[in-house]
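Colleague: Hi! Could you walk me through this one? I have a few quick questions.

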Amino acid sequence: MRILLVEDDAVLREVMLRSLGDAGHRVDVASNVEDADHLWRVQPFDAVLLDLNLPATASPTSNISSGLIALRQARARGDRTPVLVLTARDRTEERVAGLDAGADDYLGKPFELAEVEARLRALVRRALGTDDVSVLGRLKLDRKARRFAVGLTPLDLPAREFEVLWELMSPPGHTVSKRALSDKLSTFDESLGDNALEAFISRLRKKLVGSGASIRTLRGIGYLLEVEQ
C-alpha cells in the first residue's frame, strides 16, 4: 500500500515510518497541514494516517489550521481515500467531530503499532471490497498474515515482487494500469521506473508457473492477474 503519514511529532513519525516500511508499505510523510494538503492533492494514496493536532506553517495567509480542516477539504473535493485519525484528542466530542468530517476510523494516542496496521488493513479492505483471503487458481493471498502460497506451499518473494503481486491481487481479476502500479510502489523520494516494473512482472510470471494464475499484459492499458487459460 502507498500511505500518507501526517504527524508532527518527529520521534513518533520516524517510529511509524520504520514500522510501516518494515511491513512492506510505501510511505510519504508530512509534518504540517500545508504539506499534507499538497501531497494529498497531487498523489493518490491507499490510506491516510492523520494527526488532527497539527501546526500550520508560518504563512500568515494560510487558511488551513488543523488536520480536521484538511480532512474536510479532501472530502469536499470528492476524495474518498480511507482515513485513520491518530490523535491525543480522545474526548467523545472530538472523536465525533473527526468522524463527521469524514474520517473512517479513529485511534487515540498512545496506541500499539500492530493495531494501526490492523486497522489500516481493515479500512483498505472495505474500500476495495476485498476479503482477508483471496484465491485465484491455486494462488492464495492471506492479507492479515501478509503471505502468498501456491496450494499449501508458501511463495516467498522479494519485497518489490511481493508488492507488485499484492496490488494485482487486490482484488484479483481487475486491471491495474502501469502508471497506477508504479505510483503505488513509489514514494516522492524513490520512484519505480517502467523498466524496473517490467522486470518485476517478468520474474513474477516465471514464479507463477503451475499456480493456475498468470499475469496478462493489456497493451496500452496495464496488467491483469487472471486464472490461467
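Modeller: Happy to. One convention before we start: helices and strands here are DSSP runs, with helices having at least four residues and strands at least two. Also, this is a predicted model.

Colleague: Good. What does UniProt place at residues 131-227?

Modeller: The unreviewed UniProt entry puts the feature "domain: OmpR/PhoB-type" there. That span is 32% helix and 29% strand, and its end C-alpha atoms lie 18 Å apart.

Colleague: And V227, where does that sit?

Modeller: V227 is in strand β12, residues 222-227.

Colleague: Is V227 buried, exposed or partly exposed?

Modeller: Partly exposed, because its relative accessibility is 43%, and that class runs between 20% and 50%. Leaving out neighbours within four places in sequence, V227 contacts L136, G137 and G212.

Colleague: Switching topic. Which residue does UniProt list for "modified residue: 4-aspartylphosphate"?

Modeller: D51, again according to an unreviewed entry. D51 is in the loop between β3 (47-50) and α3 (67-76).

Colleague: Buried or exposed?

Modeller: D51 has a relative accessible area of 3%, so it counts as buried; the cut-off for that is under 20%.

Colleague: What does D51 touch?

Modeller: Not counting residues up to four places away in sequence, D51 touches V6, E7, D8, G67, L86, T87 and K109.

Colleague: Back to K109: what is the peptide bond from there to P110 like?

Modeller: The K109 to P110 bond is cis, with omega near -5 degrees. P110 is in the loop between β5 (105-108) and α5.

Colleague: Since you mention α5, how do α1 and α5 pack?

Modeller: Helix α1 (residues 10-22) and helix α5 (residues 113-128) pack at about 55 degrees, with their axes 11 Å apart. The two helices are therefore oblique to each other, and their crossing is right-handed.

Colleague: Which residues make the contact?

Modeller: From α1 there are V15, M16, S19 and L20, and from α5 L113, V116, E117 and L120. By class, the residues of this contact divide into 6 nonpolar, 1 polar and 1 charged.

Colleague: Last one: what is the phi of R146?

Modeller: R146 has a positive phi of about 50 degrees, although it is not a glycine. You will find R146 in the loop between β7 (139-142) and β8 (147-150).

Colleague: Great, thanks!

How values were computed
Residues are numbered from 1 along each chain as its sequence is written. This is a predicted model: local features need pLDDT of at least 70, side-chain atom pairs count only at pLDDT 80 or more; totals for chains, interfaces and linings use all residues. Side-chain values use heavy atoms; hydrogens and water are left out. UniProt positions are given in the numbering used here, feature names are shortened, and annotations may be inferred rather than shown by experiment. Axes are lines fitted to C-alpha atoms, for helices over the stretch in contact, and angles run from 0 to 180 degrees between N-to-C directions. Angles under 35 degrees count as roughly parallel, over 145 as roughly antiparallel, 65 to 115 as roughly perpendicular and the rest as oblique. A crossing is left-handed if the near helix is turned anticlockwise from the far one by less than a right angle, and right-handed if clockwise. Contact means heavy atoms within 4.5 Å. Ala, Val, Leu, Ile, Met, Phe, Trp, Tyr, Cys and Pro count as nonpolar, Asp, Glu, Lys and Arg as charged, and the others, Gly among them, as polar. Buried means under 20% relative accessible area, exposed over 50%, partly exposed in between (1.4 Å probe, protein chains only).
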